[in-house]
Amino acid sequence: MPFLKRLGYFLMGLSIGLIFLTFFLKKKSDETGVEFCYLPNCRVLKELRSKPLVIDDSLQPFSDSLAIRAVLEDGDVLFRKSDTEAKPCKIYVVRGQSNQEELELTFLNCESETRLKDYIKL
């Protein structure tokens, strides 16, 4: 069998397999709410969302909890400004938009909670 014919059969089978895989994984994620996060940005945001959020008392009057949740859903982690080796809590800086406002939030990622340390409107 010529190489091009074998390559055609391979690509046809691969495309059918990818279509089925996409269909089944989409169905699974819709039913169970499972989110496939493998990139560092997505994993950090998922980790921050998974713990109870504690807002410092000094930031309470200035912070908007809906805006914070929106940034935690769709924000970008600024790894250059973050300190991922800090002890006992890692420090992450997240930039995102909420209600047409650009926000830069600093979080402390502790073992049992996520603490909002800084809230800046850009």
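At what angle do the axes of helix α2 and helix α3 cross? In this predicted model, the answer is roughly 145°, with the two axes coming within 8 Å. Here α2 covers residues 40–50 and α3 covers residues 65–74. Angle and distance go together for a simple reason: two packed helices are described by the angle between their axes and the distance between the axes. On the α2 side, the contact is made by Leu45, Leu48 and Arg49, while α3 brings in Arg69, Val71, Leu72 and Glu73. Sorted by class, that contact has 4 nonpolar and 3 charged residues, with no polar ones.

The structure holds 1 disulfide, and the partners are Cys89 and Cys110, whose sulfur atoms sit 1.9 Å apart. That spacing is why the pair gets called a disulfide, since the cut-off is a pair of cysteine sulfur atoms within 2.5 Å. The torsion about the S-S bond of Cys89 and Cys110 is about 105°, so this disulfide is right-handed. Cys89 lies in the loop between β2 (76–77) and β3 (90–98), and Cys110 in the loop between β4 (101–109) and β5 (114–121), so the pair ties together parts that are 21 residues apart in sequence. Both Cys89 and Cys110 are buried.

Then there is Ser58, found in the loop between β1 (53–55) and α3. Is Ser58 buried or exposed? Ser58 has a relative accessibility of 54%, so this residue counts as exposed, because the cut-off for exposed is over 50%. Along the chain, Ser58 and Asp118 are 60 residues apart, yet their C-alpha atoms are separated by 9.4 Å.

Methods: Residues numbered from 1 in each chain as written. Predicted model: local features only at pLDDT ≥ 70, side-chain atom pairs only at ≥ 80, totals over all residues. Heavy atoms only, no water. Axes fitted to C-alpha atoms, helices over the stretch in contact; angles between N-to-C directions. Helix = DSSP H or I, 4+ residues; strand = E, 2+ residues; numbered from the N terminus. Contact = heavy atoms within 4.5 Å. Nonpolar A, V, L, I, M, F, W, Y, C, P; charged D, E, K, R; others polar. Buried < 20%, exposed > 50% of the residue type's maximum accessible area, 1.4 Å probe, protein only.
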